[in-house]
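Reader: Could you take me through this model before I set up any calculations?
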Amino acid sequence: MLTVEGLRSRYGRIEVLHGIDLDVASGEIVTVVGANGAGKTTLLKCLSGIQPVSAGSIVFRGEALTTVPAHARVRRGLAQSPEGRQIFTNLTVEENLRLGAYLFSDDKVERDRDDAFAMFPILKEKRNLAAGGLSGGQQQMLAIARALMGRPSCLLLDEPSMGLAPILVAQIFDVVKSLKALGVTVLLVEQNAFGALSVADRGYVMETGRITMSGPAAELIADERIRAAYLGI
Ligand SMILES: Nc1ncnc2c1ncn2[C@@H]1O[C@H](COP(=O)(O)OP(=O)(O)OP(=O)(O)O)[C@@H](O)[C@H]1O
């Protein structure tokens, strides 16, 4: 569904992605794990079209995306739930969800909203409250639910567990896992390697702008080097 080859990107004169190769098949949950500053967020920004690519290619559902603007990528089914959530805190939960469906005016929007409420009952309970009043975990759920309202075929998730208490981290990873059942393909970028690899089918390890390891998530979790470097085991 998504194939990235030789992707390079830079901030000014400093290159931070040095030729990334990765692919995500339809229906998979794939994670990119790596330390703070490895380049994970930059990679997702290149995929969503808000960071220029200096070399390489991005092909999504058979179509080259590298020069397609960000808004057009969303229309093609590639959606991002950004790091730091970026929900509209002054709007209600329901208004935030409706904004996620801005591409559509059909009656399926109501059904999508009901599906979101079924998936996240707490959002239904708080639908008329300002989103800024939600807890961190609830805001993260809202950010994911809002991205789903755009009916993506592939969802890019940037550090959904960041800044959350451990119990909420577990909940968020459960949510990611449940996306698979909805038929949504997920590319999940995370510093929490254990949580991410626990729910993913496959994983890539990123270090200073390069992919240094990849494989089935279960194999990566069992790998001594990964356990020592990322899992603190
Ligand atoms: N706007 C920017 N201008 C210059 N350098 C940047 C900018 N954003 C990121 N960088 C640098 O690019 C490198 C990769 O950063 P990036 O945010 O992609 O890493 P990351 O793995 O996502 O880390 P984090 O987990 O903190 O988001 C880092 O060295 C960072 O300092």
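Reader: What kind of model is it, and how are residues numbered?
Author: This is a predicted model, in which local features need pLDDT of at least 70 and side-chain atom pairs count only at pLDDT 80 or more, while totals for chains, interfaces and linings use all residues. Residues are numbered from 1 along each chain as its sequence is written.

Reader: In what order do the strands of the open sheet run?
Author: The order is β2-β1-β4-β5, and the pairing of these 4 strands is antiparallel. Helices (H or I, at least four residues) and strands (E, at least two) are DSSP runs numbered from the N terminus, and two strands pair if DSSP finds at least two bridges between them.

Reader: Which are the edge strands?
Author: They are β2 (14-24) and β5 (63-64), each of which pairs on one side only.

Reader: How many bridges are there between β1 and β2?
Author: Strand β1 (residues 2-11) pairs with β2 over 8 bridges in the antiparallel sense. Within this pair, L2 stands opposite V24 in β2, and R8 stands opposite H18 in β2. The hairpin of β1 and β2 has 2 residues between the strands, and G12 takes a positive phi near 60° there.

Reader: Which residue takes a positive phi in the hairpin of β4 and β5?
Author: R61 does, with a value near 50°, in a hairpin that has 2 residues between the strands. Antiparallel β4 and β5 are joined by 2 bridges; F60 has E63 in β5 as its bridge partner.

Reader: Changing topic, which residues are closest to the ligand?
Author: The closest are Y11, A38, K40, T41 and T42, in a shell of 12 residues. A residue counts as near if its C-beta atom, placed from the backbone, lies within 6 Å of the molecule. Helix α1 (residues 40-48) gives the largest share of the shell, 3 residues.

Reader: How do the shell residues divide by type?
Author: They divide into 3 nonpolar, 7 polar and 2 charged. Here Ala, Val, Leu, Ile, Met, Phe, Trp, Tyr, Cys and Pro count as nonpolar, Asp, Glu, Lys and Arg as charged, and the others, Gly among them, as polar.

Reader: Now the domains: where are the bounds?
Author: Domain 1 covers 1-77 + 156-233 and domain 2 covers 88-151; these bounds come from an automatic or database domain assignment. The contact between the domains takes 10 residues from domain 1 and 8 residues from domain 2, where two residues are in contact if their C-beta atoms, placed from the backbone, lie within 7 Å. On the domain 1 side, α2 (70-75) and α7 (166-181) are the elements giving two or more residues. The largest share of that side, 5 residues, comes from α7.

Reader: How far apart are the domain centres?
Author: The C-alpha centres of domain 1 and domain 2 lie 24 Å apart.

Reader: Last one: at what angle do α3 and α6 cross?
Author: Helix α3 (residues 93-100) and helix α6 (residues 136-148) cross at roughly 35°, and their axes come within 7 Å. Axes are lines fitted to C-alpha atoms, for helices over the stretch in contact, and angles run from 0 to 180 degrees between N-to-C directions. In this pair, V93, N96, L97, L99 and G100 of α3 meet L142, A145, R146 and A147 of α6. The residues of this contact divide into 6 nonpolar, 2 polar and 1 charged.
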